[in-house]
Amino acid sequence: MAPPPGPPWFLQLQLFLLGMTTFVSVSRGAQLELHMGSPRVEAVEGADVVLPAWYTLNTRMSSPKPEASLYVLWFLEQSGKDMVQVLSYLDGKFLVNKPRISLLHAMPSRNISLKLVQLQEQDSGQYRCSVNVRDQGDGMSDVDSLELDVLVSPAAPSCHLHGVPRMGANVTLTCLTPRSKPAALYRWERLPPRVQFFFSPAVDSTRGSLFLTNLSASMSGVYVCKASNKVGSAQCNVTLEVTSGPKAAVIAGAVVVTLVVLVALAVLVLLYCHREKMQEEPANDITEDAVAPRTLPWPKSSDTISKNGTLSSVTSARALRPSHGSTRPGTLTPTPSLSSQALPSPGLPRTNRTHPPTASSTLGGVSSSALSRMGAVPVMVPAQSQAGSLV
């Protein structure tokens, strides 16, 4: 386990001593040389990487084991940020200031390679190593650096169709990955049964666009976009279905006509219901000019009703007819006078407010002249009001 970091003044003192040692070693001639395997190291995100570093000593060294006084410092410098110390080994003690970092070999050792595990993109940057060896007061040191570039495989892209896939129209298929380092290059192709590969100028390999012009039915199918860089690739697809323009127009027209017909039918139904309602309202109103229907003849007898609404001088028609009994010819059978209210009859025809017509010239088969000779008195038949009363 790494010891906790010391106070800031302790780190500054170490850097000062390292600088003074480097100055002395340079003035006396370089006797220690630090080596880096390569000035640039590339690794894939999520993997492990080793930054190689080792040093060599001149044979004129008086001490056979200079590693006993070994100082190793690793720093990280990133663009736009201050340089930070990520690891140090001083007099047999480790100080680690960044997770997932350690020395590859147990110390002391001349191989001071740095190991990073589970790389992330933010681990990229310039790694600087400084080594210092002291031998009986004489110090030797060297500094070197290398670049670490953490590469990212393209993430799953998204495909989209822009435009209306109609016969003779133009559409654009787009493909874009949200994350890739270095930037991904795009390639388009159509899947079987009609395999087809597309190249520039139809394809923009840096932006992932595919331009299809003058569409035809044969261009329908599944189009696949593949985004790739030096460490990996990912793909997506989009389905293109080219439709004919007239067919689409006919379908749209049929829908519009159907909607118009439904609206027209709804309007007609509303108008018809409103008209029926308006016709029913006047029929329920009773006007004063309405004329009562004519009174039906009395059943089994024909009675004459006076104008004031009372029955007077009622002579039964049966009395005017010759009797089949022992009654003498020419004798009339009187009927008692009745005083009652004339009832309305629903079967009478409607007339204007005028006097009703006179009774028929014949009553019960007897002519009016015969009735006059027998003493009958002619009367007027009263009219009936709208409310059913005699007037």
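Cys175 and Cys225 form a disulfide, with their sulfur atoms 2.2 Å apart; the term denotes a pair of cysteine sulfur atoms within 2.5 Å. This bond connects distant parts of the chain, since Cys175 lies in strand β13 (residues 171-176) and Cys225 in strand β18 (residues 221-229), 50 residues apart. Strands (E, at least two residues) are DSSP runs numbered from the N terminus. The model is a predicted one, in which local features need pLDDT of at least 70 and side-chain atom pairs count only at pLDDT 80 or more, while totals for chains, interfaces and linings use all residues. Residues are numbered from 1 along each chain as its sequence is written, and side-chain values use heavy atoms, with hydrogens and water left out.

The link of Cys175 and Cys225 is left-handed, with -85° about the S-S bond. Both of these cysteines are buried, that is, under 20% relative accessible area, where exposed is over 50% and partly exposed lies in between (1.4 Å probe, protein chains only).

A disulfide also joins Cys159 to Cys236, at an S to S distance of 1.8 Å. Here too, distant parts of the chain are linked: Cys159 belongs to strand β12 (residues 158-162) and Cys236 to strand β19 (residues 232-240), 77 residues apart. The link of Cys159 and Cys236 is right-handed, with 75° about the S-S bond, and Cys159 and Cys236 are each buried.

The count comes to 2 disulfides, and with bonded cysteines counted along the chain they follow the pattern 1-4, 2-3. Two further cysteines may be described by their accessibility. Cys129 is buried because its relative accessible area is 0%, whereas Cys273 counts as partly exposed because its relative accessibility is 46%.

Notes. Helix = DSSP H or I, 4+ residues; strand = E, 2+ residues; numbered from the N terminus.
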